[in-house]
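Hi there,

Here is the structure I promised to pass on to you. Please open it and keep it beside you while you read.

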Amino acid sequence: MSAPTSPADLVILGGGSGGYAAAFRASELGLNVVLIEKDKVGGTCLHRGCIPTKALLHAGEVADLAREGEQFGVKTSLAGIDMDGVNNYKNGVISKLYKGLQGLVKARKITYVEGEGRLTSPTTVEVDGQTYEGKHVLLATGSYPRSLPGLEIDGTKVITSDHALDLDRVPSSAIILGGGVIGCEFASAWKSFGVDVTIVEALPHLVPLEDEAASKLLERAFRRRKIGFELGSRFSGVQSTENGVKVSLENGKEIEAELLLVAVGRGPVSSGLGYEEVGVAMERGYVLVDEYMRTNIPTISAVGDLVPTLQLAHVGFGEGILVAERVAGLEPAPIDYAGVPRITYSDPEVASVGLTEEQAKERYGEVKTLTYDLAGNGRSQILKTTGAVKLVQAPDGPVVGIHMVGSRVGELIAEAQLIYNWEAEADDVASLIHPHPTQSEALGEAHLALAGKPLHLHG
């Protein structure tokens, strides 16, 4: 495809969540858009991240239900996990969404360029010898699975999440390095498939960015599920053995397993793309931006995992839309990152929005908290899930943190997001009637109790 002769309004480098959201919104606003992607539109989230991992987790949930049908009075048994079948199911979900996304790119009349792009000036990106000029350039090149210094990924015994999503077998045992979101999700899915799992985490808790109470509830649930974890344990080395790997920890412990999944987070894809040469301000590989996603160069913005904000697909969407609207001359508000919902899709799920108790204390000094145990929630009993809803309230003010643990609580966080972002006080939510029996009632009951009028809770 030949490059447009006049400059496009917006040239976007990277077609993942941040890049394509910006492209869609910009074209809706009448801008002329060029979207450049070296692999497939949809990026990490669709092809190697959110979507495939959740499909694996759902297959794991089906396996658990088959294995445990007896406790619901249903005689089921698990004949086994067919990894080819699981991968077909997962890939089917991806390809349906990918087709839909390609259709949207066409429908929005976006100039789509397949190839590896490189920033060559504050207003140009080059792809395979062809130069695309834009009045504005958006960098959205995403992230890759990080490793640790001296830890060699071989793709067979020592793997990243990318390899883990395409495993053609169920390993008998696995060590997962990193107890954050990615580590906990794989630990959960693999345990459901019958893998003997041990998580190694250097910090004192699993999902260390969550409220400590939520981390402890997840740890208790993982213990019940016989998922092993070594907390406050630093990795010191890995050796290949005849049947797999032997991992040594700084505390002298050694653990053996069939494979090691390195899940120590994701790093920005930014080297060798011309950013430094053009003069884009960077730190530790991340592109630095202000609250409007502007870099130090007026014609260049950056979004998504490339910038040091929350590495979540929906944050990429929000940031991409913000840039498109700003470039189109609207006045979008900056994103309040505390107000973005965060979910770990393990079993049980962990979902939160707003501040942790610790962060709220730093900001407000004294805070009020309330914990509502899911034992009092009918729907949670039917699902046989345990967990809690924890609220953090500013002194005589709004609810500033909502933290939930339990099966399916990720679906409840949308309401929690409204409570935080609309600065609702306990009374505002207490006066709303939640449907019975649902898990959403737990959110309502927690606010009733916080407002001083508990229903199914000892006051």
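Below are some notes on the backbone and on one strand.

Please keep in mind that this is a predicted model.

Let's begin with the backbone. Most residues other than glycine have a negative phi, and most peptide bonds are trans. Some places here go the other way. The peptide bond from D347 to P348 is cis, with omega near 5 degrees. You will find P348 in the loop that links strand 20 (342-344) and strand 21 (349-354). H436 and P437 are also joined by a cis peptide bond, and its omega is about -10 degrees. P437 sits in the loop between helix 13 (426-430) and helix 14 (440-450).

Now for phi. K384 is not a glycine, yet its phi is positive, near 55 degrees; it belongs to the loop between helix 11 (378-382) and strand 23 (388-393). D396, again not a glycine, has a positive phi of about 45 degrees. Its loop runs between strand 23 and strand 24 (399-406). Is D396 buried or exposed? Its relative accessibility is 79%, and exposed means over 50%, so D396 counts as exposed.

Finally, have a look at strand 15 (residues 259-262). In a regular strand the side chains alternate between the two faces of the sheet. Here L259 and L261 point one way, L260 and V262 point the other way, and all are buried. Which strands pair with strand 15? Strand 8 (residues 158-159) runs parallel to strand 15 and is joined to it by 2 bridges, with I159 partnering L261. Strand 9 (residues 173-177) also pairs with strand 15 in the parallel sense, over 4 bridges, and I175 stands opposite L260.

Enjoy exploring!

How values were computed. Residues numbered from 1 in each chain as written. Predicted model: local features only at pLDDT ≥ 70, side-chain atom pairs only at ≥ 80, totals over all residues. Heavy atoms only, no water. Buried < 20%, exposed > 50% of the residue type's maximum accessible area, 1.4 Å probe, protein only. Pairing = 2+ DSSP bridges.
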